[in-house]
Amino acid sequence: AGIALLALWSDLIEGIGVQTGWPYGAFQYAMGLEPLLLGIVPLALPLFWLPMILSSRLLAGRILAWRIPTRHGSGPADRPTASPWATLLLSSLILVLLDGVLDPPAVGLGFWAYAEGGAYYGVPASNYLGWCFSGLVAQGILLATLPSRRLSGAAPEAWSTDSLRAFLLFWGPVAFALGQAGPAALALGLLALEWWLGRSIEIARDADFMR
């Protein structure tokens with residue numbers, strides 16, 4: 001049910017964006033993403049959205065799990081769960097950062113274009129304000145339909161790591177090749193964060209096991 005709602009939301013908000021310019025700013029899809037649903041948005045759009053939403057949610061969960069201290073002698077299962085509000089806000093922020101990696105090279109490759117361009121490699125600030133709204137709704141849907149206690153079973157940590165790395169290792173070099181230093185550096189920073197979190201969690205688990 002959550003996946004279906006997210007797919008519908010991705011088509012709805014993108015369709016509104018193309019037709020009205022809200023909430024991202026006036027833009028149009030260009031070449032390479034056909035076929036278009038009703039001639040408006042790519043038919044495969046949910047396949048682009050869903051990995052970004054899940055990856056940002058799972059990365060947020062890893063960050064919040066790292067920040068929660070473990071009691072002496074307790075294991076990871078004994079850690080208190082993060083606040084749903086913290087999960088919602090952090091996962092939405094990470095989703096905006098992922099779009100900060102994606103949008104400039106996609107514009108540079110001609111997949112879509114903003115009518116008035118923008119200061120961030122052809123992308124306007126309104127796009128990211130729009131993602132703050134659409135991302136909050138998307139993460140709210142995901143949080144409501146897939147609470148944190150069920151997330152690891154539905155989307156294993158290894159899947160999250162592979163999906164996120166594939167996304168960053170593709171779009172980061174594309175941005176670099178297009179001379180877009182900002183998105184390339186952001187991709188590198190997120191990769192470093194993901195790697196560091198993974199190592200920290202492994203070390204913590206080993207310490208818990210030894211205790």
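Predicted model: local features only at pLDDT ≥ 70, side-chain atom pairs only at ≥ 80, totals over all residues.
Residues are numbered from 1 along each chain as its sequence is written, and side-chain values use heavy atoms, with hydrogens and water left out.

The chain contains seven helices and four strands. Helices (H or I, at least four residues) and strands (E, at least two) are DSSP runs, numbered from the N terminus. In sequence order the elements follow the pattern α-β-β-β-α-α-β-α-α-α-α. Of the 211 residues, 45% count as buried; buried means under 20% relative accessible area, exposed over 50%, and partly exposed in between, with a 1.4 Å probe and protein chains only.

Two of the helices were compared with their expected span, which is 1.5 Å times one less than the number of residues. Helix H3 (residues 84-109) has 26 residues and reaches 37 Å from its first C-alpha to its last, close to the expected 38 Å. At the start of H3, a side-chain oxygen of Ser83 comes to within 3.1 Å of the backbone nitrogen of Trp85. Just after H3, Gly110 adopts a positive phi of about 90 degrees. Helix H4 (residues 125-145) has 21 residues and reaches 30 Å between its first and last C-alpha atoms, close to the 30 Å expected. The buried residues of H4 include Asn127, Tyr128, Trp131, Ser134, Ala138, Gln139 and Leu142. An α-helix has 3.6 residues a turn, so residues three or four places apart point the same way.

Ser56 lies in helix H2 (residues 45-67) and counts as buried because its relative accessible area is 0%. The side chain of Ser56 makes a polar contact with the side chain of Gln139 at 2.8 Å. A polar contact is a pair of N or O atoms within 3.5 Å; within protein, one must be able to donate a hydrogen and the other to accept it, and residues adjacent in sequence count only if both atoms are side-chain atoms. The side chain of Ser56 also reaches the backbone oxygen of Ile53, at 2.9 Å. Arg57, likewise found in helix H2, is buried with a relative accessible area of 2%. The C-alpha atoms of Arg57 and Ser148 are 9.3 Å apart, although the two residues are 91 residues apart in sequence.

Eleven aromatic pairs were found in a search of the whole structure. Rings of Phe, Tyr and Trp (its six-membered ring) pair if their centres lie within 6.5 Å; planes under 30 degrees apart count as stacked, over 60 as edge-to-face and the rest as tilted. Tyr24 and Trp131 form a tilted pair, with 6.1 Å from centre to centre and 50 degrees between the planes. This pair links distant parts of the chain, since Tyr24 is in the loop between H1 and strand E1 (27-29) and Trp131 is in helix H4, 107 residues apart. Both Tyr24 and Trp131 are buried. The rings of Phe27 and Tyr29 have centres 5.5 Å apart and planes at 75 degrees, so this pair is edge-to-face. Phe27 is buried at 5% relative accessibility, and Tyr29 is buried at 13%. Ring pairs join Tyr24, Phe27, Tyr29, Trp49, Trp112, Tyr114 and Trp131 into a cluster.

Side chains of opposite charge can pair when their charged atoms come close. A salt bridge is a side-chain nitrogen of Lys or Arg within 4 Å of a carboxyl oxygen of Asp or Glu, and the count comes to two salt bridges. Arg62 and Glu194 meet in one of them (3.0 Å, N to O). Arg62 is in helix H2 and Glu194 in helix H7 (residues 181-210), 132 residues apart. Arg62 is buried at 8% relative accessibility, and Glu194 is buried at 2%. Arg165 and Glu194 meet in a salt bridge at 2.9 Å, N to O. Arg165 lies in helix H6 (residues 157-177) and Glu194 in helix H7, so the pair ties together parts that are 29 residues apart in sequence. Arg165 is partly exposed, with a relative accessible area of 32%.
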